Amino acid sequence: YTLAIAAAVVPLGRLGDRIGHRKVLIYSLSTLIVTSVLCGVSNGLTMLLIARALQGLSAAALLPSTQAIVANAYEGPARTKALGQMLGFQALVFASGPVLGGLLIAGPGWRFVFFSTAPFALAGLLLVVFRVPPGTHHSTVATLAVVPSLLLACSASALTLADRKST
């Protein structure tokens, strides 16, 4: 999951620059719903790992797209305040996620962690579809940075594998 996010966040951010962050966010939230359910219904480790990697790809597009949409919605000091509030909320979610996940695993079980993600992603999808206007904040000049992204993915994979062998 984390490796998929690390490898895909840059090219998916660039894709948003190219085709529009709203469109990328809609696709990302849609696939996040599907992959969350797939994780919850997985019948083995292989299916769970594949669904989790796909879920990471979905999540990778959320980060740059939400920041770009918020940044484009405001100007001046209001932009700074909106981005600060958004990043503060994201930090709160990232910090509380492991604790809430642990409580859910201890209670209803690990599958519920994945099933509980889908309604939040659906709520986000509905907000984007109905509240975020289609924008013109995309560029046909933006490249997808394929080579740097592949280098990042290979480097992150190598570091992950090296860390696993050392323990």
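A polar contact here is a pair of N or O atoms within 3.5 Å, where one must be able to donate a hydrogen and the other to accept it. I wrote that down before opening the model, which is a predicted one.

**Entry: Ser36**

I started with serine 36, which sits in helix H2, residues 21–41. Is serine 36 buried or exposed? I got a relative accessible area of 0%, so serine 36 counts as buried, the cut-off being under 20%.

Next I looked for a polar partner. The side chains of serine 36 and glutamine 55 are joined by a polar contact of 2.9 Å. I then listed what else serine 36 is in contact with, leaving aside neighbours within four places in sequence: besides Gln55, I noted Phe114, Thr117 and Ala118. Serine 36 and phenylalanine 112 are 76 residues apart in sequence, and their C-alpha atoms are separated by 9.9 Å.

**Entry: H2 against H5**

Three of those partners made me look at H5. The axes of H2 and H5 come within 8 Å and cross at roughly 160°. Angles over 145 degrees count as roughly antiparallel, so that is how I logged H2 and H5. I noted their crossing as left-handed. Among the residues making the contact are Ser36, Val37 and Cys39 from H2, and Trp110, Phe114, Thr117 and Ala118 from H5.

**Entry: the core**

Which residues make up the largest nonpolar core? I found twelve: Leu25, Ile26, Leu29, Leu32, Ile33, Leu62, Ile69, Ala118, Ala121, Leu125, Val128 and Val132. The elements giving two or more residues to this core are H2, helix H3 (45–73) and helix H5 (110–131). H2 supplies the largest share, five residues. A reminder to myself: in soluble globular proteins, nonpolar side chains tend to be buried together.

Not counting residues up to four places away in sequence, valine 128 touches Arg22, Leu25, Ile26 and Leu29.

**Entry: Ser65**

Serine 65 has its place in helix H3. What is the relative accessible area of serine 65? I got 0%, so serine 65 goes down as buried too. Beyond residues up to four places away in sequence, serine 65 touches His21, Val24 and Leu25.

Conventions. Residues are numbered from 1 along each chain as its sequence is written. This is a predicted model: local features need pLDDT of at least 70, side-chain atom pairs count only at pLDDT 80 or more; totals for chains, interfaces and linings use all residues. Side-chain values use heavy atoms; hydrogens and water are left out. Helices (H or I, at least four residues) and strands (E, at least two) are DSSP runs, numbered from the N terminus. Buried means under 20% relative accessible area, exposed over 50%, partly exposed in between (1.4 Å probe, protein chains only). Contact means heavy atoms within 4.5 Å. A nonpolar core is a set of buried Ala, Val, Leu, Ile, Met, Phe, Trp, Tyr and Cys residues joined through side-chain atoms within 4.5 Å. Axes are lines fitted to C-alpha atoms, for helices over the stretch in contact, and angles run from 0 to 180 degrees between N-to-C directions. Angles under 35 degrees count as roughly parallel, over 145 as roughly antiparallel, 65 to 115 as roughly perpendicular and the rest as oblique. A crossing is left-handed if the near helix is turned anticlockwise from the far one by less than a right angle, and right-handed if clockwise.
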